[in-house]
Amino acid sequence: MKNFYNICVIDDDLIYQYTITKTIKAFDLAKNVMVFSDGEEGLDFLTNNLDEIENLPDIILLDINMPIMDGFQFMEEYVKIKPKIEKKIIIYMVSSSVDPNDVERAKKMSEISDYIIKPIKPGELVSIVESFQTSPN
């Protein structure tokens, strides 16, 4: 698989950060994996790199429940800066929450491609990258 993607993981769970990073690397799905422990860190990175398109992620795997700024708060702020981002970024909400309200809220956000229940399986990761490769810009 072509591994020229930047994948960003925004999640406060250290074990999940470790396992998802290892899986991405084991399947050679990305040239670069960025990990942030809360939405504010991820948003700050995006904001600080608006002019550095090659540094921006292609795919974001976003958790809901995090300290400081949760996934939904991240999305509220992301929508504000999205017009300044000159790169296609696909966002997946990846959470252990099975709360129907969380699922419905995520599905109502057009910027979120899908809602995935943790743990994310290797095959799902491969499908995400493959769908990115075939999606129009």
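Q: What makes Lys88 count as lying over the face of Phe132?
A: In this predicted model, Lys88 is placed over the face of the Phe132 ring, 4.2 Å from the ring centre. The distance limit for a charge over a ring is 6 Å, so Lys88 at 4.2 Å falls within it.

Q: How do you know that the charged end of Lys118 sits over a ring, and which ring is it?
A: The ring is that of Tyr16, and the charged end of Lys118 is 4.3 Å from its centre. That value too is within the limit of 6 Å.

Q: How many aromatic pairs does the count give?
A: The count comes to three aromatic pairs. One of them joins Tyr5 and Phe132, with 5.0 Å between centres and 85 degrees between planes.

Q: Why is the pair of Tyr5 and Phe132 called edge-to-face?
A: Ring centres must lie within 6.5 Å to pair, and planes over 60 degrees apart count as edge-to-face. The centres are 5.0 Å apart and the planes stand at 85 degrees, so the pair is edge-to-face.

Q: Why does this pair tie together parts that are apart in sequence?
A: Tyr5 belongs to the segment before strand S1 (6-10) and Phe132 to helix H5 (residues 122-134), so the pair links parts 127 residues apart in sequence.

Q: Are Tyr5 and Phe132 buried or exposed?
A: Buried means under 20% relative accessible area. Tyr5 has 5% and Phe132 has 8%, so each counts as buried.

Q: Why is the pair of Phe74 and Tyr78 called stacked?
A: Planes under 30 degrees apart count as stacked. Here the planes are at 15 degrees and the centres 6.1 Å apart, so the pair is stacked. Phe74 and Tyr78 are both in helix H3 (residues 71-81), four residues apart, about one turn of the helix. Both residues are buried.

Q: What makes H2 roughly parallel to H3?
A: The axes of helix H2 (residues 39-48) and H3 cross at roughly 10 degrees and come within 10 Å. Angles under 35 degrees count as roughly parallel, so H2 is roughly parallel to H3. Gly39, Gly42, Leu43, Leu46 and Thr47 in H2 meet Phe74, Glu77, Tyr78 and Ile81 in H3.

Q: Why does Gln73 count as partly exposed?
A: The relative accessibility of Gln73 is 36%. Gln73 lies in H3, and its C-alpha is 8.8 Å from that of Glu40, 33 residues apart in sequence.

Q: In which order do the five strands form the open sheet, and what is the pairing?
A: The order is S2-S1-S3-S4-S5, and the pairing is parallel.

Q: What makes strand S2 (32-36) and strand S5 (112-117) edge strands?
A: S2 and S5 each pair on one side only. From one strand to the next the twist averages 20 degrees.

Q: How do you know that S1 pairs with S2?
A: Two strands pair if there are at least two bridges between them. S1 and S2 are joined by five bridges and run parallel, so they pair. Within this pairing, Ile7 stands opposite Val33 in S2.

Q: Which strands does helix H1 (residues 14-26) touch as it packs on the sheet?
A: H1 touches S1, S2, strand S3 (59-62) and strand S4 (90-95), and its direction makes about 170 degrees with that of S2.

Note on methods:
Residues numbered from 1 in each chain as written. Predicted model: local features only at pLDDT ≥ 70, side-chain atom pairs only at ≥ 80, totals over all residues. Heavy atoms only, no water. Phe/Tyr/Trp six-rings, centres within 6.5 Å; stacked < 30°, edge-to-face > 60°. Helix = DSSP H or I, 4+ residues; strand = E, 2+ residues; numbered from the N terminus. Buried < 20%, exposed > 50% of the residue type's maximum accessible area, 1.4 Å probe, protein only. Lys NZ or Arg CZ within 6 Å of the ring centre and 35° of its normal. Axes fitted to C-alpha atoms, helices over the stretch in contact; angles between N-to-C directions. Contact = heavy atoms within 4.5 Å. Parallel < 35°, antiparallel > 145°, perpendicular 65-115°, else oblique.
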